[in-house]
Amino acid sequence: MDLPQDAAENLGIIRRLMERATVYRALSAPTALAAGFLALAVAAGQIVFHRPPDATGIVGGTPREQSAAFILPWLLTLAAVGVVNGWFLARDARQRSEPFFSSGMRLAFGQMLPPLLAGAVFTVSDLAWGRDPLTTVGIWLLFYGLALLSTSVFAPRSLVGLGMAFLGAALGFATIRLLGFAFAPMFPNFVWAAWVMMGTFGLFHLVYAAFAWRDATAPAVEIT
């Protein structure tokens with residue numbers, strides 16, 4: 001295995017990714033817009049249509065039922081956003097006469113895979129054991145932020161900023177819970193989790209979409 005040659009190839013891939021930062025911002029903006037609006041809609045639905053406490057005082061049934069009622073709609077939302085993002089990437093690849101799984105995509109996916117895989121494992125665990133939705137939300141904020149920041153070497157500044165926003169939200173959220181500050185009892189944790197998702201995965205993505213479109217119209221920076 002020729003390590004110097006592999007390193008040179010990776011540097012070349014990173015340079016091409018940085019040179020195409022404007023293109024990637026333009027591609028990611030509509031995906032972020034779709035993700036933001038879908039997150040707002042799903043969170044609003046969970047807030048409005050959550051099941052009231054039953055005779056035992058448990059909101060939404062057993063802990064597993066409550067966890068499933070919270071997680072499954074978000075997994076469907078993730079799948080929908082993935083389809084939208086894949087469509088935009090495939091269209092751009094066709095226009096550039098490049099393969100869909102280009103060297104740049106493989107590098108970016110390889111960087112993001114560890115935190116995304118860790119988040120997936122924790123999500124399955126939460127679903128299986130019926131953990132508090134607030135715990136699941138904290139996990140999603142953390143690993144999504146880490147996944148975005150893993151591409152900071154070649155990602156546009158706006159994407160790095162989005163990753164920092166999610167990481168900051170995760171740490172702030174964890175600190176609040178660690179210090180024992182209780183959420184207002186007027187809403188169950190299920191509803192508070194939906195509010196957090198609305199304020200992060202909903203609003204953060206909408207703000208990012210606005211900045212990404214703005215940056216996409218700015219002059220490209222030449223990489224030397």
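Mentor: Before we look at this predicted model, take one idea with you: rings of Phe, Tyr and Trp count as a pair if their centres lie within 6.5 Å. With that cut-off, a search of the whole structure finds nine aromatic pairs.

Trainee: How are the rings of Phe70 and Phe190 placed, stacked or edge-to-face?

Mentor: The general idea is that planes over 60 degrees apart count as edge-to-face. Here the ring centres of Phe70 and Phe190 are 5.6 Å apart and the planes stand at 80 degrees, so this pair is edge-to-face. Phe70 belongs to helix H3 (residues 63-95) and Phe190 to helix H7 (residues 189-216), so the pair ties together parts that are 120 residues apart in sequence. Both Phe70 and Phe190 are buried.

Trainee: Which residues form one aromatic cluster with Phe70 and Phe190?

Mentor: That cluster is formed by Phe70, Trp74, Trp140 and Phe190.

Trainee: What kind of aromatic pair do Tyr144 and Phe166 form?

Mentor: Tyr144 and Phe166 are edge-to-face, with 4.8 Å from centre to centre and 90 degrees between the planes. Since Tyr144 sits in helix H5 (residues 133-149) and Phe166 in helix H6 (residues 157-178), the pair ties together parts that are 22 residues apart in sequence.

Trainee: Is Tyr144 buried or partly exposed, and how should I read its accessible area?

Mentor: Buried means under 20% relative accessible area. Tyr144 has a relative accessible area of 22%, so Tyr144 is partly exposed, whereas Phe166, at 0%, is buried.

Trainee: At what angle do H5 and H6 pack?

Mentor: In general, two packed helices are described by the angle between their axes and the distance between the axes. For H5 and H6 the angle is about 150 degrees and the axes are 8 Å apart. The two helices are therefore roughly antiparallel to each other, and the crossing of H5 and H6 is left-handed. Among the residues that make this contact are Leu134, Gly138, Leu141, Tyr144 and Leu148 of H5, together with Leu159, Gly163, Phe166, Ala170 and Phe173 of H6.

Trainee: Where does Thr123 lie, and what is in contact with it beyond its neighbours within four places in sequence?

Mentor: Thr123 is part of helix H4 (residues 103-129), and with a relative accessible area of 8% it is buried. A polar atom of the Thr123 side chain lies 2.8 Å from the backbone oxygen of Gly119. Once its neighbours within four places in sequence are left aside, Thr123 is in contact with Ile71, Leu75 and Trp140.

Trainee: Is Ser67 buried or exposed?

Mentor: Ser67, which lies in helix H3, has a relative accessible area of 1% and is buried. With its neighbours within four places in sequence again left aside, Ser67 is in contact with Asp126, Leu127, Gly130 and Arg131.

Trainee: How many helices and strands are there in the chain?

Mentor: The chain has seven helices and zero strands, which along the sequence gives the pattern α-α-α-α-α-α-α. Of its 224 residues, 38% count as buried.

Trainee: Of the contacts between residues at least 6 apart in sequence, what share joins residues at least 24 apart?

Mentor: For such contacts in the chain, the share that joins residues at least 24 apart is 79%.

Notes. Residues are numbered from 1 along each chain as its sequence is written. This is a predicted model: local features need pLDDT of at least 70, side-chain atom pairs count only at pLDDT 80 or more; totals for chains, interfaces and linings use all residues. Side-chain values use heavy atoms; hydrogens and water are left out. Helices (H or I, at least four residues) and strands (E, at least two) are DSSP runs, numbered from the N terminus. Buried means under 20% relative accessible area, exposed over 50%, partly exposed in between (1.4 Å probe, protein chains only). A polar contact is a pair of N or O atoms within 3.5 Å; within protein, one must be able to donate a hydrogen and the other to accept it, and residues adjacent in sequence count only if both atoms are side-chain atoms. Contact means heavy atoms within 4.5 Å. Rings of Phe, Tyr and Trp (its six-membered ring) pair if their centres lie within 6.5 Å; planes under 30 degrees apart count as stacked, over 60 as edge-to-face and the rest as tilted. Axes are lines fitted to C-alpha atoms, for helices over the stretch in contact, and angles run from 0 to 180 degrees between N-to-C directions. Angles under 35 degrees count as roughly parallel, over 145 as roughly antiparallel, 65 to 115 as roughly perpendicular and the rest as oblique. A crossing is left-handed if the near helix is turned anticlockwise from the far one by less than a right angle, and right-handed if clockwise.
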